[in-house]
Amino acid sequence: MPSFDTVCEADMVKVKNGVDNSAKEIATRFDFKGTSASIEIKDKEITVIGDADFQLEQIFDVLRNKLTKQSVDVRFLDIGDLQKMGGDKVKKVIKVRNGIESELAKKIQRLIKDSKLKVQAAIQEDKVRVTGAKRDDLQAAMALLRKEVTDVPLDFNNFRD
């Protein structure tokens, strides 16, 4: 039975390279000299530290540019709230999305069911497996998901014929 998996996985090597390149640029930029501006990554969380919210936005711009150059979709980033640190420092924690949340998985399953395509969607942990009798139906399901789900970068892998 032909099938494919719908996943939402960032390439963590490229994300780490983007963060490292951003840290290098922040260290050398004139407008960040003498400030507490910094960026670092641990596991799947990016921590951005600065003196003010405006400075954090500038660091985000640098990060977005570097991630785009690494061909990482910025929709993988889930930006947290502003947190005060000691003194005048502020920080934000950015989580890198990996896996499809259950709410989105249910939405994908509902979209496929309502589309009247001859395919079935099954939620498996952090991915959605779509199976069908014909390859053309699976390709139509991929096209439907690309068109309808725009807030999360979906990827399709494990295509079996």
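Student: Which strands does α4 lie across?

Tutor: In this predicted model, α4 lies across β1, β7, β8 and β9, and runs at about 170° to β9. Angles run from 0 to 180 degrees between N-to-C directions, with axes fitted to C-alpha atoms, for helices over the stretch in contact. Helices (H or I, at least four residues) and strands (E, at least two) are DSSP runs numbered from the N terminus.

Student: What about α3, which strands does that lie across?

Tutor: α3 lies across β1, β7 and β8. Its direction is at about 170° to β7.

Student: In what order do the strands of that open sheet come?

Tutor: The order is β7-β8-β1-β9, an open sheet of 4 strands with antiparallel pairing. Two strands count as paired if DSSP finds at least two bridges between them.

Student: Which strands stand at the edges?

Tutor: β7 and β9 do. Each has a single partner strand, so one side of each is left without a neighbour in the sheet. From one strand to the next, the twist averages 25°.

Student: How many bridges join β1 to β8?

Tutor: There are 4, and the two strands run antiparallel. As an example of who faces whom, F4 stands opposite V130 in β8.

Student: Back to α4. What distance separates its end C-alpha atoms?

Tutor: They are 20 Å apart. Helix α4 covers residues 135-148, and at 1.5 Å a residue its 14 residues should span 20 Å, which agrees. The expected span is 1.5 Å times one less than the number of residues.

Student: Which residues of α4 are buried?

Tutor: D137, L138, A141, M142, L144 and L145 are buried. Down the axis of α4, these buried residues fall within an arc of 160°, so they line one face of the helix. The arc is taken from the directions that lead from the helix axis to the C-beta atoms. Buried means under 20% relative accessible area, exposed over 50%, and partly exposed in between (1.4 Å probe, protein chains only).

Student: New topic. How many salt bridges does a search of the whole structure find?

Tutor: It finds 13. A salt bridge is a side-chain nitrogen of Lys or Arg within 4 Å of a carboxyl oxygen of Asp or Glu.

Student: What does R75 form a salt bridge with?

Tutor: With D73, and the closest N and O atoms are 2.7 Å apart. R75 is at 33% relative accessibility, so it counts as partly exposed. D73 also falls in the partly exposed range, at 27%.

Student: Which partner does D114 have?

Tutor: D114 pairs with R110, the closest N and O atoms being 3.8 Å apart. The two residues are 4 apart in helix α3, so about one helical turn separates them. D114 is partly exposed, with a relative accessible area of 47%, and R110 is partly exposed at 47% too.

Student: Which residue meets E148 in a salt bridge?

Tutor: K147, with 3.9 Å from N to O. E148 is partly exposed, with a relative accessible area of 35%, whereas K147 is exposed at 63%. Elsewhere, salt bridges that share partners join E25, R29, D31 and K66 into one network.

Student: Last topic, β6. How many of its 7 residues are buried?

Tutor: 5 of the 7 residues of β6 (residues 90-96) are buried, so the strand is largely enclosed by the rest of the structure.

Student: How many bridges join β3 to β6?

Tutor: There are 6 between β3 (residues 45-50) and β6, running antiparallel. Within that pair, G50 has V90 as its bridge partner in β6.

Student: And how many bridges link β4 and β6?

Tutor: 3, again antiparallel, with β4 at residues 77-79. L77 stands opposite V96 in β6.

Student: Which residue takes a positive phi in the hairpin of β5 and β6?

Tutor: G87, with phi near 75°. That hairpin has 5 residues between its strands. β5 (residues 83-84) is joined to β6 by 2 bridges and runs antiparallel to it, and K84 has V90 as its bridge partner.

How values were computed. Residues numbered from 1 in each chain as written. Predicted model: local features only at pLDDT ≥ 70, side-chain atom pairs only at ≥ 80, totals over all residues. Heavy atoms only, no water. Contact = heavy atoms within 4.5 Å.
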